[in-house]
Amino acid sequence: LDFLGWSYTKLQPLTNFLYMLVDSYFPDNIRYKFRAAITDDLGQRALFLLLLTAAVELTLYTIYRFVRFLFSGSR
């Protein structure tokens, strides 16, 4: 749980960057919907889980490719 809490706090700058992007580039009628999604705690958790899932997938895929490389080179 300490790792998850630490990772969650490290994503706070990303959340602030998303606020800046939404405020700068989107029209008013869309801006409030995006800000509500980012502000919602569920939105931040979903972003965290999405990034965590992507990191795990990338790690597993890299291991798979490396093992495949090792076994294909021995033929």
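## Leu21 and helix 2

At 27% relative accessibility, Leu21 is classed as partly exposed, a class that lies between buried (under 20% relative accessible area) and exposed (over 50%), with a 1.4 Å probe and protein chains only. Leu21 belongs to helix 2. Its C-alpha atom is 9.7 Å from that of Arg31, a residue 10 positions away along the chain.

Helix 2 covers residues 12–25, which is 14 residues. From first to last C-alpha, helix 2 reaches 20 Å, close to the 20 Å expected at 1.5 Å a residue; the expected span is 1.5 Å times one less than the number of residues. Thr15, Tyr19 and Val22 are the buried residues of helix 2. They lie on the same side of helix 2 because they cover an arc of only 70° around the axis, the arc being that of the directions from the helix axis to the C-beta atoms. Pro13 and Tyr25, on the other side of helix 2, are exposed.

## Model and confidence

This is a predicted model, in which local features need pLDDT of at least 70 and side-chain atom pairs count only at pLDDT 80 or more, while totals for chains, interfaces and linings use all residues. Residues are numbered from 1 along each chain as its sequence is written, and side-chain values use heavy atoms, with hydrogens and water left out.

The chain has an average pLDDT of 77, and 77% of the residues score at least 70; pLDDT is the predictor's confidence in each residue, from 0 to 100. Confidence is lowest in helix 3 (residues 28–39), with a mean of 72, and highest in helix 4, with 82. Where pLDDT is low, the predicted coordinates should not be read in detail.

## The chain as a whole

The chain contains 4 helices and 0 strands. Both are DSSP runs numbered from the N terminus: helices are H or I with at least four residues, strands E with at least two. The order of elements from the N terminus is α-α-α-α.

Of the 75 residues, 12% count as buried. The accessible surface is about 6400 Å², and carbon and sulfur atoms account for 69% of this surface. Accessible areas come from the Shrake-Rupley method with a 1.4 Å probe; for residues, only the protein chains shown count as cover.

Phe71 sits in helix 4 (residues 41–73). Phe71 is exposed, at a relative accessible area of 58%.

Together with Val56, Leu60, Ile63, Phe66, Val67, Phe69 and Leu70, Phe71 makes a nonpolar surface patch of about 830 Å². Patches are made of residues with over 30% relative accessible area and no salt bridge; like charges are joined within 9 Å, nonpolar side chains (Val, Leu, Ile, Met, Phe, Trp, Tyr) within 5 Å. A salt bridge is a side-chain nitrogen of Lys or Arg within 4 Å of a carboxyl oxygen of Asp or Glu.
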